[in-house]
Each structure stands twice: as structure tokens, then as C-alpha cells.
Amino acid sequence: MYALGIKIKFNVTIGRTFQIEDLFRDGFRAISIGTGVTWPVPLNVKGETLAHVHYGVHFLERPGKYRLGKSMIVIGGGNVAMDVARTAMRMGVRDVKVVMRSDRCTANIEEREYAEIEGAQFIFNKAPDEICDDGVYFRDTVCDENHRVTSVSRERKLMRADTVMICVSQRPSKLILTQTDKIEVDGRGLVKIDGQGETTYPGVFASGDIVRGARTVVEAVETSKRVACAIHEYLQSNHGTEH
């Protein structure tokens with residue numbers, strides 16, 4: 001990248017030390033936001049702060065820093081849950097259960113198949129009620145034809161595990177977005193863009209999960225390439241000199 005003239009600045013968090021306006025002040029003519037959705041959505045159940053409870057998106061960043069034990073419960077059925085299950089098994093966890101609240105898995109078919117091949121167990125219709133030192137208490141659920149949970153049982157049962165990984169969803173970091181009112185977001189906190197990838201703040205573009213929500217790396221790369229082309233066109237026009 002350095003050979004292409006790209007300069008990299010490490011250990012900087014936009015939204016803390018300085019803001020988007022500061023980048024424009026210092027001569028940048030266009031900005032691209034690709035911060036993804038790195039903030040996990042909590043379950044909001046009792047026991048979620050216990051030491052053996054972690055969030056999958058954090059675990060995948062530095063898996064070697066975790067003590068996992070011999071058994072794990074992965075709560076959630078998306079692509080992150082599949083990645084967590086497979087990574088844990090490769091790190092030596094013998095018993096990995098992927099537990100879902102509804103009656104279906106939302107991960108890509110390939111992701112699920114690979115997780116099954118590697119030994120993950122899939123358990124459906126279980127709603128987490130409480131996490132304790134020995135594992136997770138679940139209640140049985142019933143879903144309708146649209147896979148929505150319609151009822152939850154009163155009785156709960158303990159599913160034992162050494163480690164609990166929560167992988168129900170992720171949301172965008174708000175550090176950049178809350179520092180300016182010029183970038184509009186939708187109800188989920190995702191950035192709104194036009195057909196060219198430009199946000200409601202002229203000169204600021206966005207791509208990847210910060211726009212579409214948690215998807216695959218391939219999808220994020222594809223959208224980012226398209227936005228990169230749009231930024232190039234933007235810089236070649238008079239718009240690139242507005243700031």
C-alpha cells in the first residue's frame with residue numbers, strides 16, 4: 001500500500017481526539033467510513049456480566065486471549081455464531097452447542113454446513129433466561145410459520161457449559177456518528193447513503209456493514225470497491241474542492 005502512495009495512521013479513533021470536520025480542515029477532500037458493526041447487542045439477562053460470558057464479535061478479534069474450557073454455548077444463529085463455533089472447536093473446545101431462540105438458523109447455508117461438519121451441535125427453540133456459573137438456563141419457545149417466537153414456556157432448564165458466547169447481533173459504533181448531525185442514520189443506527197455511497201454529509205461516503213448491517217466480508221469488500229470508484233469520480237469533479 002505504501003508503494004501506491006497510501007499513508008496509514010495507527011492508534012487513532014475518529015470521534016475522540018478529533019472529528020470529521022478536522023479532517024476536512026486539514027485538506028482531505030473526501031472521507032470514507034467503513035467502521036463496520038463492532039458493538040455487540042446484549043441479551044439483557046441476569047448473569048451476562050459473569051467472567052465466563054463473552055461476546056462473539058470480540059472473541060473473533062483476539063481468540064487466543066480467551067480461556068474457553070472444554071464446553072461452550074454459543075447463543076445466536078447468524079454468521080458470527082458459526083465463526084465463533086468453528087474457531088472454538090479449532091482451539092480445542094470439544095463440546096460446542098449453538099443455541100437459537102427460533103426454529104431456524106439465519107447464517108448462510110455454507111457457514112452452517114461447515115460448522116456442522118466440524119462438530120457443532122444445533123439446538124433450536126430455546127430462549128436464554130439466565131446465565132449462571134454452570135451454564136445457561138433456557139426456556140422452550142414455540143414459533144409460527146414466519147419463524148417468529150409466539151410463546152415461551154414457564155419452566156426453564158439448565159444447559160451446562162464452561163464458556164458462554166453471545167452472538168445475537170451487532171450494531172455500529174456511535175463515536176463518529178454522534179459527533180456530527182450531518183450524517184443521517186436509520187432506525188438501526190446504520191448510515192444512510194445515496195446510490196453512489198455518499199452520506200447526507202457532502203464528501204463523506206460509507207460502505208460495508210456500517211451501511212448494510214452485519215453481512216459477509218465478501219459483500220463488504222464488493223460495496224467498498226464500488227464506493228471507492230464513486231469517491232474517485234467525486235474527487236475528479238468540482239465537488240472535491242468544496243471543503
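Predicted model: local features only at pLDDT ≥ 70, side-chain atom pairs only at ≥ 80, totals over all residues.

Me: How many disulfides does a search of the whole structure find?

Reply: A disulfide needs two cysteine sulfur atoms within 2.5 Å. Take C143: the closest cysteine sulfur is in C105, 13 Å away, which is too far for a bond. The search of the whole structure ends with a count of 0.

Me: Is C143 buried or exposed?

Reply: Buried means under 20% relative accessible area. C143 has 18% relative accessibility, so C143 counts as buried.

Me: What about C229: which class does its relative accessibility give?

Reply: Exposed means over 50%, and buried means under 20%. C229 comes out at 49% relative accessibility. That value makes C229 partly exposed.

Me: Which element gives the most residues to the largest nonpolar core?

Reply: The largest nonpolar core has 22 residues, and M72 and V74 have the most contacts inside it. Elements that give two or more residues to this core are β4 (71-75), α3 (79-90) and β5 (95-99). The one that gives the most, with 7 residues, is α3.

Me: What kind of aromatic pair do F205 and Y234 form?

Reply: A pair of aromatic rings is described by the distance of the centres and the angle of the planes. For F205 and Y234, the centres are 5.4 Å apart and the planes are at 80°. Planes over 60 degrees apart fall in one class. So this pair is edge-to-face.

Me: How many residues apart are F205 and Y234?

Reply: F205 is in strand β12 (residues 204-206), and Y234 is in helix α6. Their pair links distant parts of the chain. The separation is 29 residues.

Me: Where is T223, and is T223 buried or exposed?

Reply: T223 lies in helix α6 (residues 217-236). Not counting residues up to four places away in sequence, T223 touches S207, G208 and R212. Its relative accessibility is 6%, so T223 counts as buried.

Me: Which ring does the charged end of R156 sit over?

Reply: A charge over a ring must be within 6 Å of the ring centre. The charged end of R156 is 4.1 Å from the centre of its ring. That ring belongs to Y137.

How values were computed:
Residues numbered from 1 in each chain as written. Heavy atoms only, no water. Helix = DSSP H or I, 4+ residues; strand = E, 2+ residues; numbered from the N terminus. Buried < 20%, exposed > 50% of the residue type's maximum accessible area, 1.4 Å probe, protein only. Contact = heavy atoms within 4.5 Å. Core = buried A, V, L, I, M, F, W, Y, C linked by side-chain atoms within 4.5 Å. Phe/Tyr/Trp six-rings, centres within 6.5 Å; stacked < 30°, edge-to-face > 60°. Lys NZ or Arg CZ within 6 Å of the ring centre and 35° of its normal.
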